[in-house]
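Work through the exercises below with the model open beside you. Try each task before you read its solution.

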Amino acid sequence: MTFDIDTMMLVGPLLTVAFGGLAMMLVDAFAKEKAELSVVSAVILLAGASFSLALWFSGPREVEAGMIGSYLAYDRLAHFLDLVICGGAALASLLAGGYLREHRIERGEFYVLLLFSALGAMALVRAVDLLSMFIALETLSLGVYGLVAFRRHSPRAAEGALKYFLLGSFASAILLFGISMLYGATGHTSLAEIHQVVAAGEAAPTLLILSMLLMITGLAFKISAVPFHAWAPDAYQGAVTPASTYMAVVVKAAVFGVMIRVLFIAFGDESLANADSGWPPALAALAAITMVFGNLAALVQKNVKRMLAYSSISHAGFLLMGLVAAWKLHGGSGLSAVLFYLASYTVSNVLAFGSLILVGSRGKEAVSYEDLAGVGRRHPWVAVPFAIGVLSLMGFPPLAGFFGKYYVILAAAEAGGGMLWLAVIAVLSSAVGAYYYLRVIVFLFMRKPEEGAPVAVPMRSGHVVAALVMAGYYVLRLGITPGAYLDLVSPGLDGATDLDVSVFLWDGGIAVVAGAIAAALTTLRSGASDDADEPAPAPAE
Amino acid sequence: MEIGLGTYLALASVLFGIGAVGFLTRRNILLQLMSIEVMLNSVNLTLVAFNRWTPGEPGAWNHHGQVFAFFVIAVAAAEAAVGLAILISLYRLKSSVESDSADLLKH
């Protein structure tokens, strides 16, 4: 057992967020201005992301498996997903800074829960042992249950949290039963050792198949794949919107990260994964129904947040398709397509959810499509980011979402065979999806609100504007010039690279500075025009 | 009758089944939480039994299964705490612990 500096560096991003979360609890106790906590937590998360970026480029690759190495990986897959998770969580916490103040439910727990849950997500994407995987998954989930239930006086929040909690812990129990079967079949909990035992043909086949079935079911619950999606729309709708954003982006990225490891390492043997039996055909079927059902169900929604929930379900189908393609292509372009998709999906979703937050103010929230009518004319600076966000989710070129979908579908077509029909289904279902995404834009710009109907009034918040500017920058950056980011996720994740870290530092710097300037301008403007509109101190609870 | 791995696995499967059926059929949230606990405990039993009867020579044994069971117990406690907190918050608003009373969110 050695605690040398190299080993500590490997878990540096985790330690940053963990100690940040602990410090946050102290700061929360003494801070008077709770909205600034959101900035603090965003800074902590961005520090974790920078640490991961540094490790991606110069982290030690050869460390003897000791205390940490046998439980947590330190490869570029983990470091890249750290960037997605920390970035998504930082933007969600900025959104919360504006949203919670506007709705007078400002309490510091939100950021603490968010930080610890992000810690679980970061541990999850580097879990290479069933034990670390289970604990990380629970750390992630328990935090999110708390975030969903955050608005204590809302029956909808309690109900969404209850549904998410009950189904989530049921799924955890199923996953755990699968884990115990896998342990029984192989006698090991380390994914690599499990792979060796399976490859040597020494594992009990019945237990192995059963455990695979149970574990995939448990994980499919967490990514809300159809038919295990029932909790998702309710939880997204009931939760405060920043928490929905967090669930949509971070939970999905983290669980897909661990799925890559479990499926490709533990269940990666030919006997469990081939074109006719094993998990790839099962996952392909799951991908097909998830894409089709998610898009069809989103069509009939009247509530914008529920629509975005079903949209995130259908995106899970695309990602599952990418996973199967990645297996067929032995990692390679399939895996990089999945990772790029996760990054583009994260920034697009933050933009869409964030604009939904910005459109509404206290008592005048945007809930249904009708609430959005005419916003584009009265407040174009709110409607434009909203339009960019939904267009990117739809896959409109040249935005981030377009290249995400393009590369995943390309990988599926490249994989050939049965994957071709899956690619066709993907194209058709995203054409169906265009209807409900465009409907948002139609309501924003082309409808007039009905007489006397409740209409959303945009809020003024520097925090939300900053998050939108940052997410918007990346949506355009990944869409117009995705080159450098494709290299970041390119095949040979652990080979030598001629990438230059300065590109990504510049991007991050530009995004943060632009966000800060936009936030400052918004604050100045609202300060000049309506001083009286300052929110009154929140009622003591 | 000899008590071996099969006996423990049979018991664990029955417990898991009872928990799953209880979770799906009961409408009282407290009972649903208890059903989940039963399921988790059946997992613990499986883990420990598998550890006891791990194939291979004695020198190659590990204790991962037994250690895992302790972690499951700890996590189950944390999960129960969060679950009861959510239950209390629902009870305050609805004065009911039936999961059917949570029926606001529909499409």
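**Exercise 1. Find how much of chain B is buried, then describe its overall form.**

Solution. Start with burial: 33% of the 107 residues in chain B are buried. A residue is buried if 20 or more other C-beta atoms lie within 10 Å of its own, exposed if 12 or fewer, and partly exposed in between; the C-beta atoms are placed from the backbone.

A note on conventions. This is a predicted model: local features need pLDDT of at least 70, side-chain atom pairs count only at pLDDT 80 or more, and totals for chains, interfaces and linings use all residues. Residues are numbered from 1 along each chain as its sequence is written, while chains are lettered from A and ligands numbered from 1 in the order in which they are written.

Next, the fold. Chain B has 3 helices and 0 strands. Helices (H or I, at least four residues) and strands (E, at least two) are DSSP runs, numbered from the N terminus. The order from the N terminus is α-α-α. The radius of gyration of chain B is 18 Å, well over the 13 Å that the globule rule gives for 107 residues, so chain B is more spread out than a compact globule. That radius is taken over C-alpha atoms, and the rule is 2.2 Å times the number of residues to the power 0.38. The C-alpha atoms of chain B fill a box of roughly 60 × 30 × 25 Å along the principal axes.

Last, the contacts. Two residues are in contact if their C-beta atoms, placed from the backbone, lie within 7 Å. Take the contacts in chain B between residues at least 6 apart in sequence: 51% join residues at least 24 apart.

**Exercise 2. Determine whether α4(A) is enclosed, and check its length.**

Solution. Helix α4 of chain A covers residues 76–102, 27 residues in total. From first C-alpha to last it reaches 39 Å, close to the 39 Å expected at 1.5 Å a residue. The expected span is 1.5 Å times one less than the number of residues. Now burial: 27 of the 27 residues are buried, so α4(A) is largely enclosed by the rest of the structure. Just after α4(A), R104(A) takes a positive phi of about 55°.

**Exercise 3. Locate the largest nonpolar core and the contacts of I85(A).**

Solution. A nonpolar core is a set of buried Ala, Val, Leu, Ile, Met, Phe, Trp, Tyr and Cys residues joined through C-beta atoms within 7 Å. The largest one has 248 residues, and I85(A), A118(A) and V148(A) have the most contacts inside it. Helix α7 (residues 155–186) of chain A gives the largest share of this core, 20 residues. Leaving aside neighbours within four places in sequence, I85(A) is in contact with A118(A), A121(A), M122(A), V125(A), V250(A), A253(A) and A254(A).

**Exercise 4. Characterise the side of chain B that touches chain A.**

Solution. The contact takes 34 residues from chain B and 34 residues from chain A. On the chain B side, α1 (5–25), α2 (29–52) and α3 (64–94) are the elements that give two or more residues. The largest share, 15 residues, comes from α3(B). By class, this side has 22 nonpolar, 10 polar and 2 charged residues. Ala, Val, Leu, Ile, Met, Phe, Trp, Tyr, Cys and Pro count as nonpolar, Asp, Glu, Lys and Arg as charged, and the others, Gly among them, as polar.
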